[in-house]
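Welcome, and take a moment to look over the structure below. We will walk through a few parts of it together.

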Amino acid sequence: MRPEKKPWSSLLCNEIIEEILSRLPVKPLIPFKCVCKGWNSLMSEPYFIKLHLSKSAGKDDLEHLQLIKNVCLGSIPEIHMESCDVSSIFHSLQIQAFLFKFANMPGYHLVGSCNGLHCGVSEIPEGYRVCFSNKATRVISRESPTLSFSPGIGRRTLFGFGYDPSSDKYKVVAIALTMLSLDVSEKTEMKVYGVGDSSWRNLKGFPVLWTLPKVGGVYLSGSLNWVVIMGKETIHSEIVIISVDLEKETCRSLFLPNDFCFVDTNIGVFRDSLCVWQDSNTHLGLWQMRKFGEDKSWIQLINFSYLHHNIRPYEEKSMILPLCMSNNGDFFMLKFTRNVDDEYQTILYNQRDGKSQVSVVPSGSFRTLFWRNLKIFTKSLVIPY
């Protein structure tokens with residue numbers, strides 16, 4: 001329930017002022033905290049933060065979106081983040097890319113973004129710690145308690161970050177494959193931590209994995225989702241989507257469309273729908289789950305022909321990444337070609353008539369490492385605690 005407030009203006013009622021402010025982008029909105037105590041207090045109110053987020057997420061433009069990724073610098077790798085506005089990639093001749101450390105804390109690297117918050121992980125001798133940060137407002141959470149797994153001779157870990165609307169809490173899920181010894185198969189463990197919790201909890205019922213997915217979990221409707229291979233042996237393995245319910249802290253399996261292979265399968269969320277896509281020598285095929293959780297609701301949304309658009313990704317050592325989709329179904333994609341200059345191109349693909357517009361991104365605009373960890377997010381006022 002909204003708290004009672006004194007009028008901020010003799011000309012406009014508070015509700016109209018709130019509506020106007022809720023439609024502004026984060027960057028010009030933050031300085032308005034200095035106008036008066038009422039406005040400063042308003043921008044920390046949970047109901048206004050959610051109202052502003054819903055307005056931003058519903059916009060059908062690129063102005064509120066940013067790309068962010070990890071980069072390594074120096075001969076001894078030091079993890080930094082790099083970000084830029086999505087709109088500048090597609091509409092500008094000059095791109096401003098910003099290089100920074102995660103929350104100005106050394107040792108942390110980005111593992112997930114949700115509703116404008118970023119989740120960073122730092123590896124320490126005892127295990128791992130996580131921290132949450134809002135880059136736009138420069139607000140940082142406390143470090144989590146130490147995350148540890150079963151002792152072993154080797155370990156691979158992966159993280160996912162999302163929002164549990166039932167508890168209004170942001171949570172991070174950690175998956176580990178630990179080799180206990182040379183003669184014992186790897187042990188699968190999964191743990192979850194919510195902002196402000198005093199400890200990590202075991203997530204029960206998670207299946208045995210053959211290998212870890214290539215990227216962190218994608219968030220949709222209170223769940224985190226990964227494409228994985230289940231099973232202890234290749235002959236008994238199965239490629240599925242594992243979906244973790246952040247409220248119940250349970251998981252279930254969702255089947256992929258037919259004829260999908262794990263190696264080239266990617267997963268993402270476009271316009272509040274779970275999507276998977278695959279690269280081939282000639283096409284990028286993308287499928288959409290029209291009703292989340294129902295395996296039979298998969299439809300092929302786009303079948304983008306590389307050859308028809310004079311793109312030869314395997315010849316050129318190129319990769320194509322769908323970034324976002326507009327309300328009318330246009331796809332914004334980024335093509336990266338690994339060569340001496342490390343070239344980027346933008347592709348605006350109209351799935352209705354199969355036509356596309358290709359533009360060259362200015363060389364040297366931003367670094368190219370960790371392509372698979374490239375994330376897109378909406379700037380917000382969300383507080384990370």
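Is aspartate 272 buried or exposed? In this predicted model, aspartate 272 counts as exposed, because its relative accessibility is 67% and the cut-off for exposed is over 50%. You will find aspartate 272 in the loop between β17 and β18. Its phi is near 60 degrees, which is a positive value in a residue other than glycine.

Arginine 271 also belongs to the loop between β17 (265–270) and β18 (273–279). Here, too, phi is positive in a residue other than glycine, with a value near 50 degrees. Arginine 271 is partly exposed, because its relative accessible area of 31% lies between the 20% limit for buried and the 50% limit for exposed.

Now let us turn to a helix. Helix α4 covers residues 46–57, twelve residues in total. From its first C-alpha to its last, α4 reaches 16 Å, close to the 16 Å expected at 1.5 Å a residue. Its buried residues are Tyr47, Phe48, Ile49, His52, Leu53 and Ser56. What do the buried residues of α4 pack against? Their partners are α1 (14–22), α2 (26–29), α3 (37–42) and β25 (375–378).

Our last stop is a sheet. Four strands form an open sheet in the order β4-β5-β6-β7, with antiparallel pairing. At its edges are β4 (108–114) and β7 (139–140), each of which pairs on one side only. Strand β5 (residues 117–124) joins strand β6 (residues 127–134) through seven bridges in the antiparallel sense. To see how these two strands line up, look for valine 121, which stands opposite valine 130 in β6.

How values were computed
Residues numbered from 1 in each chain as written. Predicted model: local features only at pLDDT ≥ 70, side-chain atom pairs only at ≥ 80, totals over all residues. Heavy atoms only, no water. Buried < 20%, exposed > 50% of the residue type's maximum accessible area, 1.4 Å probe, protein only. Expected span 1.5 Å × (residues − 1). Contact = heavy atoms within 4.5 Å. Pairing = 2+ DSSP bridges.
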